[in-house]
Amino acid sequence: MDLFALIAAFGGGIIGAYMGAVPAFIMTGLIAIAGSVATMAGGADMTVGFVAFGSYLGPHIAFAGGVAAAAYAGRTKKLDSGTDIMSCLNGLADPMTLLVGGIFGVFGFLIHYLIGAVLHLNTDLPGFTVIISAIIVRLVFGKSGLIGKAPAGEKRVYFTAGKGMVCNILLGLGIGTATGFVYRALVNAGASEVVIGSYPVLCFGIAAVSLIFAQAGFAMPGTHHIALISALAAVSSANPIMGPVFGVLASLMGDFVGQTFNSHCDSHIDPPAFTIFVFTFIINMIFGAGFFSA
């Protein structure tokens, strides 16, 4: 275990708290784009592992710290809702809120180390860590229970129905088709293994940065789980068709997780992170890959 990185995780968690979980995650996407492009161009990149997915802005540290801080602020009535992961919590001027972010940043580092270096789970470790952290946050700071409490007489919904479901399918199909067949174009152009290996991270980064439009108030959905999983499936299988196939599956899975865990609740359990760690495990098992497992 790198003790310097462990100490840094406290700062990363505070960054996620003062920025807000989603703004910090957008920064993660920016660094992921920069690092993957540098790698694809033949440069030596240190930013993806140490910054975008490390103790500075790693989702399991900064985003998870921001989620925890928001839940704490909601529980203590400093924030209207603990599900508000877009607000910059520095505006609350509350040291304890920032401290909670730092503590869960360290906690995220330790969980990541346990499931990666000790248990050697062959999946997306930041995504898995984000979910474990969020479940603990829900149980510690929330009052709604793990899957929320629907109002009396209201039927529980687990999938968006009607036109909403059609839109989710088309969203997964569209992103998956783009990521899958751009991967094939790279192969046909003679791209190296380094370029191909960095391609899913680039797709992830582009989708993560698109959340800046959601932050600005537009109806922009989170799509990084679709972009990453569809690109990963295409690359791992060497088959562009797997892009749209897994794009649709990831989109529907994200909707299911969101409806199940984020309805009638008082903290945030991230549907994209849940989808990413589940489908990364599935893809690694089916195609014998080992992406994001270290």
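Start by selecting two stretches of helix. In α7, pick Leu171, Gly172, Ile175, Gly176, Thr179, Gly180 and Tyr183; in α10, pick Ile226, Ala227, Ser230, Ala231, Ala234 and Val235. These two sets of residues meet each other. By type, the residues of this contact are eight nonpolar, five polar and no charged. Keep in mind throughout that this is a predicted model.

**The two helices behind that contact**

Now widen the selection to whole helices. Colour α7, residues 163–188, and α10, residues 224–237. Their axes are 8 Å apart, and the packing angle is about 40 degrees. The two helices are therefore oblique to each other. Turn the view until one lies over the other. The crossing of α7 past α10 is right-handed.

**Step back: the whole protein**

Show everything as a cartoon. How many helices and strands does the protein have? There are twelve helices and zero strands.

The C-alpha trace spans about 55 × 50 × 35 Å along the principal axes. Of the 294 residues, 51% are buried. Residues 24 or more positions apart account for 73% of them.

**Back to α7: its contact with α11**

The crossing of α7 and α11 is right-handed.

Show side chains for the contact.

- On α7, select Met165, Asn168, Ile169, Leu171, Gly172, Leu173, Gly176, Thr177 and Gly180.
- On α11, select Gly243, Pro244, Gly247, Val248, Ser251, Leu252 and Asp255.

Colour them by type. The contact of α7 with α11 holds seven nonpolar residues, eight polar and one charged. Some names on α7 come back from the opening stop. Leu171, Gly172, Gly176 and Gly180 are among the α7 residues that meet α10, and they are also among those that touch α11.

**Stay on α11: threonine 260**

Select threonine 260, which is in helix α11. Is threonine 260 buried or exposed? At 7% relative accessibility, threonine 260 counts as buried. Look around it, leaving aside neighbours within four places in sequence. Threonine 260 is in contact with Ile147, Arg156 and Tyr158. Draw a C-alpha to C-alpha distance from threonine 260 to arginine 156. The two are 8.5 Å apart in space and 104 residues apart in sequence.

**Two loops with positive phi**

Move along to histidine 264. Histidine 264 sits in the loop between α11 and α12, the latter being residues 271–287. Its phi is near 55 degrees, a positive value in a residue other than glycine. Histidine 264 is partly exposed, at 31% relative accessible area.

Now jump to alanine 93. Where is alanine 93 found? It is in the loop between α4 (59–75) and α5 (95–118). Phi of alanine 93 is also near 55 degrees, again positive in a residue other than glycine. With a relative accessible area of 68%, alanine 93 is exposed.

**Over to α1: isoleucine 7**

Select helix α1, residues 3–19, and pick out isoleucine 7 within it. Isoleucine 7 is exposed, with a relative accessible area of 62%. Isoleucine 7 and valine 106 are 99 residues apart in sequence, yet their C-alpha atoms are 7.4 Å apart.

**Last stop: α2 and α8**

Colour α2, residues 21–40, and α8, residues 193–209. Their axes are 8 Å apart and the angle is about 155 degrees. That makes α2 roughly antiparallel to α8. The crossing of α2 and α8 is left-handed.

Select both sides of the contact.

- On α2: Phe25, Ile26, Gly29, Leu30, Ala32, Ile33, Ser36, Val37, Thr39 and Met40.
- On α8: Val194, Val195, Ser198, Tyr199, Val201, Leu202, Phe204, Gly205, Ile206, Ala208 and Val209.

Colour by type once more. The contact of α2 with α8 divides into 16 nonpolar residues, five polar and no charged.

How values were computed
Residues are numbered from 1 along each chain as its sequence is written. This is a predicted model: local features need pLDDT of at least 70, side-chain atom pairs count only at pLDDT 80 or more; totals for chains, interfaces and linings use all residues. Side-chain values use heavy atoms; hydrogens and water are left out. Axes are lines fitted to C-alpha atoms, for helices over the stretch in contact, and angles run from 0 to 180 degrees between N-to-C directions. Helices (H or I, at least four residues) and strands (E, at least two) are DSSP runs, numbered from the N terminus. Angles under 35 degrees count as roughly parallel, over 145 as roughly antiparallel, 65 to 115 as roughly perpendicular and the rest as oblique. A crossing is left-handed if the near helix is turned anticlockwise from the far one by less than a right angle, and right-handed if clockwise. Contact means heavy atoms within 4.5 Å. Ala, Val, Leu, Ile, Met, Phe, Trp, Tyr, Cys and Pro count as nonpolar, Asp, Glu, Lys and Arg as charged, and the others, Gly among them, as polar. Buried means under 20% relative accessible area, exposed over 50%, partly exposed in between (1.4 Å probe, protein chains only).
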